[in-house]
Amino acid sequence: MGEPVVKASDIPTKIPPNKNESVVKAQIEVDGVNCNVTCVSMGNPHCVTFGTTENQNLLVDEINLADIGPKFEHHTLFPARTNTEFVQVFSRSHLKMRVWERGAGATLACGTGACAAVVAAILEGLSERNCSVDLPGGPLEIEWREEDNHVYMTGPASGGTRRNIQGYPKFFYDTFI
Ligand SMILES: N[C@@H](CCC[C@H](N)C(=O)O)C(=O)O
């Protein structure tokens, strides 16, 4: 997945940097709730939250993604909008995540999101550099390697929904879609 970008202005986010030039466990208000967030770009912007000031440990199954997701995505602190990962910590090597993707909504999996979640967990001191991430679509193994600063993702690939695209000939559809 390459190297994560943590410089706030490059992500981009307008949240004031609180650790060198990056945003790590910063407090922002979303829909009247004070959320702790860490921001990471994996080539696309991600806002990762592990909890609020009142409840430091999210129970991700209890989150109403369709309600809160758009409020993060369109928050004025994210000038290019943002993907948002809601993450529950089971241990220093095991996370569970649900994602609200910019422009797509709740999805079953997001590779860059899982990578951003692990980078954020490491920056917050919550996990080791090798970590399993459970997503609704299945688990991913993520490593943020110290030697080259790259993030590596390992996991299964499987087909999703097949949709017929009107106007494309059958050969094109069978071959490329
Ligand atoms: N919604 C993302 C782009 C999609 C990321 C992709 N699904 C992944 O698996 O990483 C964005 O707006 O950047």
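**Burial, contacts and cores**

Thr-112 sits in helix 2. Keep in mind that this is a predicted model.

Q: Is Thr-112 buried or exposed?
A: The cut-off for buried is under 20% relative accessible area. Thr-112 comes in at 16%, so Thr-112 is buried.

Q: Which side chains make a polar contact with the side chain of Thr-112?
A: Leaving out residues up to four places away in sequence, Thr-112 touches Met-1, Met-42, Asn-44 and His-46. A polar contact of 3.2 Å links its side chain to that of Asn-44. There's also one of 3.2 Å to the side chain of His-46. That gives Asn-44 and His-46.

Q: Which element gives the most residues to the largest nonpolar core?
A: This core has 25 residues, and Met-97, Val-133 and Ile-142 touch the most other members. Strand 3, strand 5, helix 2, strand 7 and strand 8 each give two or more residues. The top contributor, with 9 residues, is helix 2.

Q: Within what arc do the buried residues of helix 1 fall?
A: The buried residues in helix 1 are Leu-65, Ile-68, Gly-69, Phe-72 and Glu-73. They line one face of the helix, because seen down its axis they fall within an arc of 140 degrees.

Definitions and conventions
Residues are numbered from 1 along each chain as its sequence is written. This is a predicted model: local features need pLDDT of at least 70, side-chain atom pairs count only at pLDDT 80 or more; totals for chains, interfaces and linings use all residues. Side-chain values use heavy atoms; hydrogens and water are left out. Buried means under 20% relative accessible area, exposed over 50%, partly exposed in between (1.4 Å probe, protein chains only). Helices (H or I, at least four residues) and strands (E, at least two) are DSSP runs, numbered from the N terminus. The arc is that of the directions from the helix axis to the C-beta atoms. A nonpolar core is a set of buried Ala, Val, Leu, Ile, Met, Phe, Trp, Tyr and Cys residues joined through side-chain atoms within 4.5 Å. A polar contact is a pair of N or O atoms within 3.5 Å; within protein, one must be able to donate a hydrogen and the other to accept it, and residues adjacent in sequence count only if both atoms are side-chain atoms. Contact means heavy atoms within 4.5 Å.
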